[in-house]
Amino acid sequence: ETLGSIRMEEPSLSYRIASGWAILLFGTAFFLRLYLAPYGGFEADVHDNISRGEYAAQHGVINVLDWSRQHDVDISYPPLFCYQEAAINGIFEGRLDALQERYPAVAEVWRCVRFKLLSIAYDLLTGLAIFIFLATTTTRLWTLIGTGAYLFNPSIFINSAYWGQTDSIHSFFLLLVVLLVIMAISDKKDGWLVAAWAVFALAMCQKLQSIVLFPPLATVTLMRRKLSVSGSSGSACLVVLLALYSPFLLERRWDYLHSVLVASFTSFAFTQLNAFNIWTFGPVVSSKATVLGVSYATMGQTVYLGTLAWLCLSIVKAGLPQNDRPETARQMLIAAAYACLAPFMVLTSMHERYIAPAIAFLVLAACLDRRVRWLLGGFTLSYTLNLLYVLQSHGSDPGALAIRNASNVALRLFTGSLNTGMFCWLTARLPGLVQPRLASTA
């Protein structure tokens with residue numbers, strides 16, 4: 001197989017051996033997650049997700065905002081998130097209710113496991129997407145390495161199986177968007193691009209942070225210079241959005257729309273929310289606070305707009321490689337990783353988990369370009385430490401929490417410096433990294 005213009009030597013790895021290793025990878029990854037699932041992790045988040053999902057399953061998804069009000073929560077989540085949460089928390093509910101009467105502690109554990117199975121399933125689906133893509137793009141050995149690098153990435157399985165967060169869901173949809181874009185460019189089939197916009201709408205209906213992929217996706221679409229394709233893509237995105245939001249629109253739940261589209265962006269307005277980014281080096285204050293008349297939020301937004309302009313300009317100057325899927329993939333994956341990293345690094349009000357979608361892109365990019373492999377290792381390390389930093393502080397009494405926060409100053413400074421250094425390097429090298437290569441550097 002080829003990568004750029006250099007032929008990659010196929011290692012002596014037979015199809016049977018490769019298939020055996022693939023089965024072992026996925027099986028071990030599943031049982032590792034199943035082993036971690038019974039643990040509470042961040043109990044408050046897990047309990048809220050289970051409680052909200054059970055309420056939605058019993059009273060209807062369109063009434064999910066009523067649960068939020070009962071628990072003094074102003075924000076809610078997009079419809080696909082609520083639909084899936086209701087579906088997973090409605091499974092075996094009768095049996096768990098019966099178990100609750102005799103063994104309440106056991107029932108609570110299995111409710112926790114049941115909910116986490118949703119994130120675990122999407123973890124494995126993402127691993128499968130990586131496996132299939134690499135199997136058609138590079139060698140069998142790199143296919144196994146890339147798949148294993150994602151399935152056994154500690155930041156990935158800690159977040160989904162131990163903590164119980166659902167970032168793996170929109171991460172899967174965003175990865176699928178980029179893979180469809182790659183197919184549209186390399187195969188010259190506009191239908192894949194239209195499909196990418198439909199999947200992008202699904203990602204937006206799962207988590208609004210998915211909008212970070214809009215700039216590169218729109219740039220690539222406009223570079224096709226086909227009005228019909230742009231119109232079809234926009235229509236496909238709009239149809240999916242309307243289809244998923246329609247139950248709320250028909251019931252005139254404007255309060256739900258306000259909660260999702262407005263309150264979720266204005267709540268928790270601080271410089272950072274446990275995220276090791278550029279704001280790590282300053283005090284955690286309201287993002288509306290000002291320095292010389294300029295708010296922290298405005299500073300972050302200004303820098304972010306600059307990174308977007310830099311990303312889109314880099315893509316346009318590089319052009320779109322034709323008839324060379326590995327090169328197209330390398331370019332798009334690096335661009336997508338940057339699109340996910342930029343808001344995490346420079347915007348205010350970022351949680352530690354908002355970096356999650358970038359990991360899958362970095363895994364695939366690292367398999368195609370050795371220059372970004374250190375970024376995969378660095379961001380994996382910092383993201384893992386960031387998760388453990390948050391989890392170890394959960395449930396601590398005030399005295400222990402004060403000690404841990406003080407002792408973690410070194411950790412915050414180290415990971416903040418590491419992330420900032422890597423992001424600055426990626427920003428400076430971005431035009432060259434997305435430029436088509438005459439010879440492979442992988």
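**Surface, fold and aromatic pairs**

The protein exposes about 19,100 Å². Carbon and sulfur atoms supply 67% of that area. The model is a predicted one.

Start with the overall build. The protein has 19 helices and four strands. Its C-alpha atoms fill a box of roughly 65 × 60 × 50 Å along the principal axes. The radius of gyration is 22 Å. A compact globule of 442 residues would have a value near 22 Å, so the protein agrees with that expectation.

Now look inside. Of the 442 residues, 54% are buried.

Charge comes next. The protein carries 31 positive and 26 negative side chains. The centres of these two sets lie 10 Å apart.

Rings count as a pair if their centres lie within 6.5 Å. By this rule there are 17 aromatic pairs. A pair of aromatic rings is described by the distance of the centres and the angle of the planes.

One of the pairs joins phenylalanine 26 and phenylalanine 131. Their centres are 6.2 Å apart, with 85° between the planes. Planes over 60 degrees apart count as edge-to-face, and this pair is edge-to-face. Phenylalanine 26 sits in helix α1, residues 15-36, and phenylalanine 131 sits in helix α6, residues 104-135. The pair therefore ties together parts that are 105 residues apart in sequence.

Phenylalanine 26 has 19% relative accessibility, so it counts as buried. Phenylalanine 131 has 22% and is partly exposed.

A second example is phenylalanine 276 with tyrosine 389. Here the centres are 5.2 Å apart and the planes make 50°. This pair is tilted. It too links distant parts of the chain. Phenylalanine 276 lies in the loop between α13 (254-266) and β3 (290-291). Tyrosine 389 lies in helix α17, residues 373-393.

Tyr35, Tyr39 and Tyr162 form one aromatic cluster.

Methods
Residues are numbered from 1 along each chain as its sequence is written. This is a predicted model: local features need pLDDT of at least 70, side-chain atom pairs count only at pLDDT 80 or more; totals for chains, interfaces and linings use all residues. Side-chain values use heavy atoms; hydrogens and water are left out. Helices (H or I, at least four residues) and strands (E, at least two) are DSSP runs, numbered from the N terminus. The radius of gyration is taken over C-alpha atoms; the globule rule is 2.2 Å times the number of residues to the power 0.38. Buried means under 20% relative accessible area, exposed over 50%, partly exposed in between (1.4 Å probe, protein chains only). Accessible areas come from the Shrake-Rupley method with a 1.4 Å probe; for residues, only the protein chains shown count as cover. Lys and Arg count as positive and Asp and Glu as negative; His and the chain ends are not counted. The place of a charge is taken as NZ of Lys, CZ of Arg, CG of Asp or CD of Glu. Rings of Phe, Tyr and Trp (its six-membered ring) pair if their centres lie within 6.5 Å; planes under 30 degrees apart count as stacked, over 60 as edge-to-face and the rest as tilted.
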